[in-house]
Amino acid sequence: MRQGVENNHTFAVIGAGMSGVLAGIKLKEAGYRFQIFEKADRVGGTWRENTYPGIACDVPSHIYSYSFELNPDWSEFTSPGSEVQEYFEGVSKRYGIEPYIRFNEAVTRCTWMGDKWEIETEKGHVEKFRWVIAATGILHHPKYPDIQGIDQFQGPIFHTARWDHDVEIKGKRVGLIGTGSSGVQITAAIAPEVEKLSVFQRTAQWIVPNERVVYTEEEKEAFRTDADLLQNLHVEMSNAFNDGFATSVIDGNSELLDGIQERCLEALETVQDLELKEKLRPTYKAACKRLVVSHNFYDAVQRENVDIVTESIDHIEQTGVRTGETLHELDVLVLATGFHVDAFMRPMNITGRNGIVLDDVWKDWPSAYLSIAVPEFPNFFMLNGPNSPVGNFSLIQTAEMQFDYVLKIVDHVKQGDINEAVITQEAYERFDAERYEAAKGTVWATGCNSWYLDNNGVPFAWPFPFSRFREEMNAPKIEDYETTAT
Ligand code: NAP
């Protein structure tokens with residue numbers, strides 16, 4: 001144990017996905033005692049849960065990696081999901097994190113007991129921890145569409161995050177509802193295999209064309225033997241994505257986004273059939289919804305056996321999906337309808353000081369000071385929590401910065417600058433009001449519907465330049481925390 005680290009600074013980390021594994025590695029390195037609770041039987045989070053055909057990480061692999069564990073062996077510029085899963089499993093083994101994880105043990109309750117958090121799991125175990133880090137992710141509660149008759153369908157029906165690999169789709173008539181990043185990847189992957197693919201598209205998407213780049217053995221060998229090469233690539237890409245793209249999305253009139261839209265339009269021009277091309281043409285600004293990246297979606301939808309259905313779904317019947325007079329007969333129905341993004345660590349029951357329940361605080365929509373802390377919930381932090389930067393860039397880098405921030409706050413408590421880490425109501429409200437105003441000027445607020453919007457239609461992602469996020473994380477404002485314990 002690191003010198004000066006007291007035994008009573010024990011941490012509970014909830015979730016062993018990308019950010020929970022990160023927290024484990026960093027806590028272990030710093031000599032803290034900790035326990036990670038994971039509801040499933042393996043690490044990996046979203047990459048464990050999403051195994052649909054065609055799954056890949058559309059963020060370049062060399063930045064979708066921990067900064068301290070760059071991987072020379074990524075097979076592609078944007079690698080398959082199974083490889084990303086292997087990466088997280090490999091890293092957690094290499095850093096000896098698995099013994100710290102209690103698998104198959106979801107946390108059901110966190111209650112502040114005055115000086116510690118009491119945590120209860122689904123197995124009925126109750127333990128106390130001084131600190132809690134919720135690393136539960138955003139995209140993990142599948143959203144099932146509220147379509148009349150959905151329970152009448154007689155064939156297999158499943159959500160993209162619950163892909164049923166026992167169901168044979170080869171040679172079958174498959175229906176796919178939704179054309180977000182998941183639906184587009186699936187369309188491109190299964191179109192050549194199925195007899196017929198009916199894609200139910202409610203809103204056309206901007207598709208950013210990318211080229212499939214498979215790294216050669218020589219390139220991988222160069223990454224293996226020249227650490228600087230890998231490091232420089234990581235830094236260059238990070239700068240381009242964070243200070244370039246992540247910063248442009250907060251400006252609804254950004255020239256960079258206009259350029260991206262031009263590239264998307266050029267790709268759309270490759271669609272030969274005029275009627276199909278118009279069906280696929282979005283009527284809002286590119287990047288208003290999260291950009292969908294694909295090198296083969298437009299090829300797939302031009303196949304004879306693929307039908308882009310834009311008539312709205314009326315209801316679902318035993319044998320298919322009905323739009324107006326037409327019954328689209330199907331053997332299998334896939335729901336690529338996204339996630340409940342406002343859940344975060346709920347339905348966990350979380351009670352802070354004075355009996356305040358998180359569900360009540362978040363009854364309209366979840367929010368957190370700098371994406372990390374909520375008043376009345378002392379010593380409780382989130383990684384990739386509400387108002388975090390999200391988009392077509394690496395959430396790993398965001399989580400690393402957030403984790404560093406958390407440890408700095410813990411240090412302030414240990415040094416006696418504050419008794420507990422509880423953010424003031426004033427700081428929380430000040431931040432929230434400022435981010436709410438800033439959100440209105442972002443590209444996400446330029447007139448489209450997306451999962452980036454709260455239930456008032458206001459974007460909830462980080463609406464400031466990425467440089468501000470970096471600065472805030474680097475230098476926590478301790479004056480925003482309460483100075484005395486109650
Ligand atoms: P999504 O982006 O939320 O898309 C959901 C799709 O379902 C939309 O096309 C939506 O239409 C449609 N939909 C929802 N309810 C419907 C209904 N009742 N009737 C008809 N259509 C309906 O979900 P997702 O594709 O799973 O992606 C979610 C996020 O996961 C992404 O934005 C991304 O952050 C992440 N992701 C990342 C990758 C990656 O490569 N890194 C891959 C997959 C997913 P509307 O557009 O009209 O709402």
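In which sense do strand S4 (residues 107–112) and S5 pair, and over how many bridges?

**View 1. Pairing of strands S4 and S5.** In this predicted model, S4 and S5 pair in the antiparallel sense over five bridges; two strands pair if DSSP finds at least two bridges between them. Strands (E, at least two residues) and helices (H or I, at least four) are DSSP runs, numbered from the N terminus. Cysteine 110 has isoleucine 119 of S5 as its bridge partner. Four residues lie between the strands of this hairpin, where glycine 114 takes a positive phi near 105°.

**View 2. Strand S5 and its pairing with strand S6.** Four of the five residues of S5 (residues 117–121) are buried, so S5 is largely enclosed by the rest of the structure. Buried denotes under 20% relative accessible area (1.4 Å probe, protein chains only). S5 also pairs with S6 (residues 126–129), in the antiparallel sense over four bridges, and valine 126 in S6 is the bridge partner of glutamate 120. In the hairpin of S5 and S6, with four residues between the strands, glycine 124 takes a positive phi near 85°.

**View 3. Packing of helices H6 and H7.** Helix H6 (residues 227–248) packs against helix H7 (residues 255–268) at an angle of about 85°, with the axes 8 Å apart. The two helices are therefore roughly perpendicular (65 to 115 degrees). Gly244, Phe245 and Ser248 of H6 make the contact with Leu256, Leu257 and Ile260 of H7, contact meaning heavy atoms within 4.5 Å.

**Notes.** Residues are numbered from 1 along each chain as its sequence is written. In this predicted model, local features need pLDDT of at least 70, side-chain atom pairs count only at pLDDT 80 or more, and totals for chains, interfaces and linings use all residues, while side-chain values use heavy atoms, with hydrogens and water left out.

Conventions:
Axes are lines fitted to C-alpha atoms, for helices over the stretch in contact, and angles run from 0 to 180 degrees between N-to-C directions. Angles under 35 degrees count as roughly parallel, over 145 as roughly antiparallel, 65 to 115 as roughly perpendicular and the rest as oblique. Buried means under 20% relative accessible area, exposed over 50%, partly exposed in between (1.4 Å probe, protein chains only).
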